[in-house]
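Please look at the chain below before reading on.

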Amino acid sequence: MTIQNTVLTEYIDDIAIIRLNRPASMNAVNAPLRSALTKVLYTLDADPGVRAMVLTGSGERAFCAGQDLDESVTIDTINLADWLNRQHAMYQAVRDMNKPIVAALNGTAVGAGFQIALMCDLRVAHATLRMGQPEIKAGLASIVGSYLMSLQIGHSLNQALSLTGELISGERAHALGLINDLVPIDQVLPSALDRARKLAALPQTAMRMTKQRFRECTQAGFEQACSAGIRYQLECYATGEPQQVMREFLSRRTHSALSRSTED
């Protein structure tokens, strides 16, 4: 196993398992993870010994709980565009993969984590995990995530999930078509590996060309969503609402941690 800061890479024959590795923070995305994941993905895509990838999270709680709030709370209207452009680059790395990539959703997948999962080719999950787009509850517009959902589900359902910030179970996500395979929790990774092996066994050029065509069909919309995300989030951040919501959450988290420490 090769450790690259916040990302672990393990090889099983010609399948690479990529683990987001911040379990104490529910594998939330911060600058080191963002940079490491982007680098690892392009490295594996260029490796002739790798024919498919499985992306999962470390620990039992989460695949990825979205953006790290300790980082997000430091963002303002001055550095927002640069921050979102770096996020865009990480997302683009997932989209750019010429080799099949399967998401093994071992736990919570919300916000950025939900979006990363939607950009993978297939998704395997268990019934009780929670997933969705809760951005609106944090004072943020749901832009990129709403676009990605539009590729999977209908407009009215997308609108309901985006406007309410409702999280749904793996079972419901499977019924809606957001999840390909619903399996027992202990079978998520084995089932994702099985999917990856079957994809890896298919002709590589046909796989690459098919993925490229899907990317071509959606790239313009994805770019527009990312650009719109900057415009709309700038307006959200200018109100101070996201910062206030995040500060209040972090304050509650600190108070809860102190209470547990006192009890111990």
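## Terms and basis

Helices (H or I, at least four residues) and strands (E, at least two) are DSSP runs that are numbered from the N terminus. The model is a predicted one, in which local features need pLDDT of at least 70 and side-chain atom pairs count only at pLDDT 80 or more, while totals for chains, interfaces and linings use all residues. Residues are numbered from 1 along each chain as its sequence is written, and side-chain values use heavy atoms, with hydrogens and water left out.

Met26 lies in the loop between strand E3 (15–20) and H1, and its phi is near 55°, a positive value in a residue other than glycine. Asn27 is also placed in the loop between E3 and H1, and it has a positive phi of about 55° although it is not a glycine. As background, most residues other than glycine have a negative phi.

## H3 beside H1

Helix H1 (residues 31–46) packs with helix H3 (residues 80–96) at an angle of about 25°, and their axes are 9 Å apart. Here axes are lines fitted to C-alpha atoms, for helices over the stretch in contact, and angles run from 0 to 180 degrees between N-to-C directions. H1 and H3 are therefore roughly parallel to each other, on a scale where angles under 35 degrees count as roughly parallel, over 145 as roughly antiparallel, 65 to 115 as roughly perpendicular and the rest as oblique.

The crossing of H1 and H3 is left-handed, a term used if the near helix is turned anticlockwise from the far one by less than a right angle, whereas clockwise makes a crossing right-handed. The contact (heavy atoms within 4.5 Å) involves residues of H1 including Leu37 and Leu41, and residues of H3 including Trp83 and Met90. The residues of this contact of H1 with H3 divide into eight nonpolar, three polar and four charged, where Ala, Val, Leu, Ile, Met, Phe, Trp, Tyr, Cys and Pro count as nonpolar, Asp, Glu, Lys and Arg as charged, and the others, Gly among them, as polar.

## H3 beside H4

H3 and helix H4 (residues 112–119) pack at an angle of about 25°, with 9 Å between their axes, and H3 and H4 are therefore roughly parallel to each other. H3 passes H4 in a right-handed crossing. Gln87, Met90, Tyr91, Val94 and Arg95 of H3 make the contact with Ala112, Gln115, Ile116 and Met119 of H4, and by class this contact has six nonpolar, two polar and one charged residues.

Helix H9 (residues 204–239) has 36 residues and reaches 49 Å from its first C-alpha to its last, close to the 52 Å expected at 1.5 Å a residue; the expected span is 1.5 Å times one less than the number of residues. H9 bends by about 45° at Thr218, the bend being the angle between axes fitted to the seven residues ending there and the seven starting there. After H9 comes Gly240, whose phi is positive, near 85°.

H3 and H9 pack at an angle of about 160°, with their axes 10 Å apart, which makes H3 roughly antiparallel to H9. The crossing of H3 and H9 is right-handed. Among the residues that meet are Leu84 and His88 in H3, and Thr218 and Phe222 in H9.
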